[in-house]
Amino acid sequence: ESMDAPEDLITMDNGCVCCSVRGDLIRTLGQLAKRRKDFDAIILETTGLADPAPIVYTVQTNPKMSDHYRIDSIVCLADCKHLNQHLDEVKPDGAVNEAQQQVAFADMILLNKVDLVTDAEKEALKTRLGVLNKFATVIETERSRAPLDQILNANSFNMESILEIDPSFFEDQEEGKMEHRTDIVQSVGIQFSGQLHAQWFNMFMMDLLRDRAADLYRTKGLLSFHGQGDTKFVFQGVHEQINFGPANKPWAADEVRVNKFVFIGKNLDRKDLTKSLMECLYKDKQET
């Protein structure tokens with residue numbers, strides 16, 4: 001239900017979410033929490049250039065927020081007619097352009113104005129979006145009329161989302177089909193079986209996030225650790241903000257323990273990442 005009365009509209013002090021996210025947003029959402037039964041969901045609209053990470057960070061790490069709210073999905077609204085042109089913009093010093101960045105962050109892309117392009121143009125654009133961000137659900141819309149039941153309460157921003165990924169994504173990559181690319185942002189999938197050494201893996205992730213957090217828009221993982229029994233671990237993150245914990249279901253007795261990783265970011269080297277991750281595998285003494 002929407003809150004139609006004019007006095008129910010709350011405007012942020014400065015009209016911008018990203019700079020004042022801690023104070024202003026926490027105050028506003030704190031006030032709304034008292035009226036939780038009056039609404040179904042909150043949609044935060046940032047500017048087209050904003051990085052959603054500060055909002056994600058605020059909701060996940062501030063107890064006043066995380067007690068009342070969870071991030072459901074990061075949604076990107078894209079203009080089908082002009083998106084290619086924006087994705088092609090070359091920025092100085094090899095910086096990533098904002099359109100690629102917004103697509104990379106998204107769990108869901110609303111591809112608007114599909115009536116203004118040909119089917120061939122639309123399909124070519126969707127293929128390109130698939131390389132930039134393989135995991136975002138693309139919903140085609142005209143005149144911004146979007147099916148709310150597919151957008152609200154989708155629960156696509158959650159640690160277990162890697163379990164839903166089509167296994168063929170990882171296999172496609174192994175055959176080298178995605179090596180030829182022009183965009184500096186892309187989705188990389190890595191998988192291999194075995195058990196990870198918890199300490200080595202933690203050190204690898206700490207180094208990776210210290211050096212490359214700004215380049216990593218989204219990360220997801222499914223992990224098997226030596227010494228942790230049947231517990232299946234999952235993680236997902238935005239930049240350096242990673243949520244990590246046990247999955248709802250353990251490894252089944254007959255299940256091959258395949259570790260899976262997804263990185264969406266810029267200038268990623270799949271071979272290098274694979275090599276570094278596989279070096280985190282636990283080795284028995286007789287192997288060394």
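Helices (H or I, at least four residues) and strands (E, at least two) are taken here as DSSP runs, numbered from the N terminus. On that count the chain has 10 helices and eight strands, and one of these, strand β1 (residues 75-79), holds Asp79. The structure is a predicted model, in which local features need pLDDT of at least 70 and side-chain atom pairs count only at pLDDT 80 or more, while totals for chains, interfaces and linings use all residues. Residues are numbered from 1 along each chain as its sequence is written, and side-chain values use heavy atoms, with hydrogens and water left out.

First, a word on confidence. pLDDT is the predictor's confidence in each residue, on a scale from 0 to 100. The chain averages 84, and 86% of its residues reach 70 or more. Residues 1-9 are another matter, with pLDDT under 50 throughout. For that stretch the model has seven contacts (heavy atoms within 4.5 Å) beyond four places in sequence. Where pLDDT is low, the predicted coordinates should not be read in detail.

On to the chain as a whole. Of its 288 residues, 44% are buried; that label means under 20% relative accessible area, with exposed set at over 50% and partly exposed in between (1.4 Å probe, protein chains only). Among contacts between residues at least 6 apart in sequence, 74% join residues at least 24 apart.

Back to Asp79. This residue counts as partly exposed because its relative accessibility is 21%. A polar atom of the Asp79 side chain sits 2.9 Å from the backbone nitrogen of Lys81. Leaving aside residues up to four places away in sequence, Asp79 touches Asn112 and Lys113. Thr141 is 62 residues from Asp79 along the chain, with 9.8 Å between their C-alpha atoms.

Asp72 is in the loop between α3 (63-66) and β1, and its relative accessible area of 17% makes it buried. The Asp72 side chain reaches the backbone nitrogen of Asn153 at 3.2 Å. Beyond four places in sequence, Asp72 touches Ile151, Leu152, Asn153, Ala154, Asn155, Ser156 and Phe157.

Asp107 is in the loop between α5 and β2 (108-112) and is buried, at 5% relative accessibility. Its side chain makes a polar contact of 2.9 Å with the side chain of Arg218. A polar contact is a pair of N or O atoms within 3.5 Å; within protein, one must be able to donate a hydrogen and the other to accept it, and residues adjacent in sequence count only if both atoms are side-chain atoms. With residues up to four places away left out, the residues that Asp107 touches include Ser73, Ile74, Phe135, Ala136, Arg218 and Lys220.

Phe135, Ala136 and Lys220 turn up again at the second largest pocket, being among the residues closest to its centre, along with Ser161 and Ile165. On a 1 Å grid over the protein atoms alone, a pocket is an open set of points with protein on both sides within 12 Å along at least five of seven lines, and lining residues have an atom within 4 Å of a point. The space in this pocket comes to about 290 Å³. Its lining is made up of 10 nonpolar, six polar and six charged residues. Here Ala, Val, Leu, Ile, Met, Phe, Trp, Tyr, Cys and Pro count as nonpolar, Asp, Glu, Lys and Arg as charged, and the others, Gly among them, as polar. At least two lining residues each come from α5 (98-105), α8 (168-174) and β5 (216-223).

Leu196 is in the loop between β4 (185-193) and α9 (198-212). At 0% relative accessibility, Leu196 counts as buried. Among the residues Leu196 touches, again beyond four places in sequence, are Phe201, Leu223, Phe225, His226, Phe261, Cys280 and Tyr282. Glu279 is 83 residues from Leu196 in sequence, yet their C-alpha atoms are 8.8 Å apart.

Arg143 is in the loop between β3 (137-140) and α7 (148-151) and is exposed, with a relative accessible area of 58%. His239, in the loop between β6 (233-238) and β7 (241-246), is buried at 10%.

Technical notes. On a 1 Å grid over the protein atoms alone, a cavity is a set of points where a 1.4 Å probe fits but cannot get out, and a pocket is an open set with protein on both sides within 12 Å along at least five of seven lines; lining residues have an atom within 4 Å of a point. Grid points are joined across faces, edges and corners, and a volume is the space filled by probe spheres set on the points.
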